[in-house]
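Please read this briefing with the sequence and the model side by side.

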Amino acid sequence: MGYTLAQKIIRAHLLEGEMTVGQEIGLRIDQTLTQDATGTMAYLEFEAIGIPRVRTELSVAYIDHNTLQSGFENADDHRYIQSVAKKHGLYFSRPGNGICHQVHLERFGVPGKTLIGSDSHTPTGGGIGMLAFGAGGLDVAVAMGGGTYYITMPKMLRVNLTGRLQPWVSAKDVILEVLRRLTVKGGVGKIVEYAGEGVATLSVPERATITNMGAELGASTSIFPSDEVTRAFLKAQGREQDWTPLASDPDAVYDEEITIDLSALQPSAACPHSPDNVKTVGEIGQMKVDQVCIGSCTNSSLSDMLKVASILKGKTVAEHVSLSIAPGSKQVYHMLADCGALSDLIAAGARVLECACGPCIGMGQSPNSAGISLRTFNRNFEGRSGTKDAQVYLVSPETAAYSALRGVLSDPRELGEQPLFPMPEQFLLNDNMIIPPASPEEAEGLEILRGPNIKPFPVSEPLTESISCECTLKVGDNITTDHIMPAGAKILPYRSNIPYLSKFCFAVCDEAFAERSKQKGSGIVVGGENYGQGSSREHAALVPLYLGVKAVIAKSFARIHVANLINAGILPLTFEDPADYEKISQGDALCLAGIRNIIAEGTVAILENRTTGETILLQVKLSDRQRRILLAGGLLNDTKGA
C-alpha cells in the first residue's frame with residue numbers, strides 16, 4: 001500500500017510515535033514563522049527556555065498584524081521582536097514587507113519541508129507542497145529550540161478536483177464549496193490533500209487560497225502536490241533550486257474522498273457569521289453593499305490584484321461604497337506600481353492600504369453600523385470586523401471588485417469574456433526589507449530591547465490533588481478564539497500585556513466574566529461543540545489561566561486550542577455523554593475530586609455538581625506526554641524541568 005503526500009512528509013520527519021490514526025506523533029520541524037500579534041509572547045517563551053540560538057533550518061519573524069501605531073505599544077513590540085531575531089538567529093521581515101503567509105510563500109517556503117507558525121493560517125504553505133501547521137506560540141518556541149512538535153496522527157481526506165474553473169469563478173469559490181459541504185468541523189482530525197486532473201489548472205496563489213482557508217474547516221493542514229506549476233512559481237521567484245517533485249503514490253489509501261467538478265462551481269459567498277454558511281451569489285441576490293475590502297493572507301497575491309485592477313480600470317466605485325485594497329507583500333505592491341495597475345486602483349477610488357493584515361483582524365476599516373461588508377478574507381465571525389452588528393460576507397476578489405462598482409452584490413460572470421492573467425516569468429526580487437540575523441559571535445554583545453508594555457506571562461502551578469470551584473461561564477457551540485480573546489485595534493496592542501488583556505476575555509459572550517473571575521479566584525468554563533475554533537492565538541488560553549480558569553469542559557475541542565490549553569496547564573475535558581452539557585449551569589459549584597491521580601493514570605473523571613447533586617462522567621483524552629505537561633502545570637514548567 002502506498003503513501004499519501006502528507007504521509008510521505010510525516011514519515012520523513014517522524015521522530016516519535018507511529019503513523020497510526022489517533023495516536024500522538026512527534027515531528028521534526030524545518031521552519032517556523034511568527035507574526036507580531038503572537039510573536040512577542042512566543043519570543044518571551046523562547047527566552048524563558050534559555051536556548052541562545054534557534055536550531056531550525058530557518059525561522060522568520062514577521063511584522064504584519066499590529067502595524068497601526070496609535071501609541072507606543074506596537075512600535076515597542078516590533079523593536080523587541082527585531083532585537084530578539086537579530087540576537088537569536090531569526091530573519092526579520094520589517095513592517096511594510098508584507099503578510100507573513102504571502103511573503104513566506106514567495107521567499108522562503110520549500111516543498112516537502114515542515115513548517116509551524118504561530119498563526120492558524122500557516123497551512124497556506126501547503127499551496128507549494130509544504131506540510132505546514134498553525135500552532136500556539138509556545139509550541140513554536142519549543143520548535144525554534146530544536147524541540148519536537150506533537151500532533152495526533154490525522155486521517156487523510158482527498159479532495160479530487162476535476163474539470164476547470166469557468167471564467168470569473170475563482171479558487172475562493174473552490175474552498176467555499178468545500179466549506180459548504182464539510183462545515184467548519186468537517187476537517188477536524190484530518191489532513192486535506194488536493195489531487196486530480198483539476199490541480200494542474202490552478203496556479204500556486206490559487207492553491208494557497210484554498211490551503212489557507214483549510215483552517216476554517218478545522219483541518220490539521222491542507223496540501224497540494226509539488227508539480228511543474230510549483231516549479232514555475234519558484235523559478236519566477238529565483239528559487240528553482242528549492243523545487244522538488246512531490247505527489248501521493250498511485251495506490252495511496254485515503255480515509256475519505258470527495259470530488260469537486262471545478263467547471264460546475266459558481267461565484268459564492270460565506271454569509272454571516274460563519275465561513276461555512278455558503279450560498280451562491282445568485283441565491284443571495286442583489287443586496288446593497290456598504291463596504292468592500294480586498295486583501296488578507298487569503299487573496300492578496302499579484303494575480304488577485306491584477307484581476308481586481310482589470311475590473312476597476314476606467315471605472316469608479318459606487319458612491320455609497322468604501323473600497324479598500326491591501327496588497328499582500330512589498331513585491332506585489334511594487335509590481336503593481338511598475339505595471340500601472342496601481343494607478344488603475346487609485347483612479348477607481350480605492351483606498352490603498354499598507355501591506356498588512358489590517359481589516360481582516362479588525363485593525364482599522366471597521367464597517368458602519370449594521371453595514372454590509374464584502375471581504376476577500378477567511379473569517380467573518382461576529383464582531384471580528386470591529387463593528388458588532390456588521391454583516392460580513394466572504395467572497396472572491398472578482399466578486400468583490402465587480403460588486404464595488406455596482407454597489408450591490410453582483411455576479412462577476414456578467415463581465416463577459418475574462419482576460420488572461422498569466423503568472424510572470426520573473427517576479428521582482430528585492431529582499432531589502434528582510435533583515436538577516438547576526439552571527440553567533442556578533443549576537444553575544446547584542447541587547448534585547450523591551451518596552452514597558454511587555455509584562456511577564458502568567459505562571460502556572462503544578463496540578464492540585466482536586467479542583468473545587470464554580471462554573472464561571474457557560475457558552476454554546478462553535479465558540480471561537482475571537483470570542484475568548486478578541487482581536488481588533490483596541491486590544492491587539494496589548495498581546496504582550498496579559499494583565500491588561502484580561503479585561504476583554506470573553507467580553508463578546510459576557511462582559512462581566514473577567515471581573516467575576518477575579519473575584520472568584522478560580523473557575524471552570526463549560527462549552528459546546530468545536531470549542532476554540534479559529535485563530536491559533538495562545539492568549540485564548542493564557543488569559544483564562546491568568547483569570548484562574550482551571551479546566552474547560554466541552555463537547556469537543558478545536559485542535560490548536562486544546563493544545564494551547566494543555567500547554568498553559570488548563571485541563572481540557574470532554575463530556576462522555578454530550579447531553580450532560582445540560583446538567584451544568586453557570587454559577588454551579590463543581591468538584592473534580594482526585595483529579596491529579598486521574599490525569600496521571602485515568603481515562604474518565606467524575607465531575608460532582610454540588611449545586612444539583614448530579615455526577616457527570618468526563619473523558620480524559622490525553623497522551624502520556626500531555627499528562628506529564630498538565631501534572632507539571634504547563635509546557636514551560638515541563639520543559640524547564642526536563
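In this predicted model, the count of salt bridges comes to 28.

**Salt bridges**

- D249 and K8 form a salt bridge in which the closest N and O atoms are 2.8 Å apart. Because D249 lies in the loop between α8 (228-236) and β12 (256-261) while K8 lies in helix α1 (residues 5-13), the pair ties together parts that are 241 residues apart in sequence.
- On the D249 side the relative accessible area is 24%, so this residue is partly exposed, and K8, at 31% relative accessibility, also counts as partly exposed.
- A salt bridge also joins the side chains of E57 and K113, with an N to O distance of 3.1 Å. E57 is in the loop between α2 and β4 (58-62) and K113 is in the loop between α4 (100-107) and β6 (114-117), so this pair ties together parts that are 56 residues apart in sequence.
- E57 counts as exposed at 51% relative accessibility, whereas K113 counts as partly exposed at 26%.
- R239 is paired with D242 in a salt bridge whose closest N and O atoms are 2.8 Å apart; R239 counts as buried, at 4% relative accessibility, while D242 is partly exposed, with a relative accessible area of 22%.

**Helix α18**

- Helix α18 (residues 539-546) has seven of its eight residues buried, and it is therefore largely enclosed by the rest of the structure.
- The buried residues of this helix are H539, A540, A541, L542, V543, P544 and L545.
- These buried residues pack against helices α2 (36-49), α15 (481-484), α16 (498-501) and α19 (559-568), and also against strand β23 (549-554).
- After α18 comes G548, which has a positive phi, near 90 degrees.

**Threonine 376**

- T376 is found in the loop between β18 (372-375) and β19 (391-394), and at 0% relative accessibility T376 counts as buried.
- Leaving aside residues up to four places away in sequence, T376 touches K172, C293, I294, G295, S296, T298, N299, V395, S396, P397 and A400.

**The chain as a whole**

- The secondary structure of the protein chain comes to 22 helices and 27 strands. The radius of gyration is 24 Å, close to the 26 Å that the globule rule gives for 642 residues, so the chain is as compact as a globular protein of that length.
- Taken along the principal axes, the C-alpha atoms fill a box of roughly 70 × 60 × 60 Å.
- Of the 642 residues in the protein chain, 63% are buried, and among contacts between residues at least 6 apart in sequence, 77% join residues at least 24 apart.
- The accessible surface of the protein chain comes to about 22400 Å², with 49% of that area belonging to carbon and sulfur atoms.
- The protein chain has 57 positive and 71 negative side chains, and the centres of these two sets lie 2 Å apart.

Note on methods. Residues are numbered from 1 along each chain as its sequence is written. This is a predicted model: local features need pLDDT of at least 70, side-chain atom pairs count only at pLDDT 80 or more; totals for chains, interfaces and linings use all residues. Side-chain values use heavy atoms; hydrogens and water are left out. Buried means under 20% relative accessible area, exposed over 50%, partly exposed in between (1.4 Å probe, protein chains only). Helices (H or I, at least four residues) and strands (E, at least two) are DSSP runs, numbered from the N terminus. Contact means heavy atoms within 4.5 Å. A salt bridge is a side-chain nitrogen of Lys or Arg within 4 Å of a carboxyl oxygen of Asp or Glu. The radius of gyration is taken over C-alpha atoms; the globule rule is 2.2 Å times the number of residues to the power 0.38. Accessible areas come from the Shrake-Rupley method with a 1.4 Å probe; for residues, only the protein chains shown count as cover. Lys and Arg count as positive and Asp and Glu as negative; His and the chain ends are not counted. The place of a charge is taken as NZ of Lys, CZ of Arg, CG of Asp or CD of Glu.
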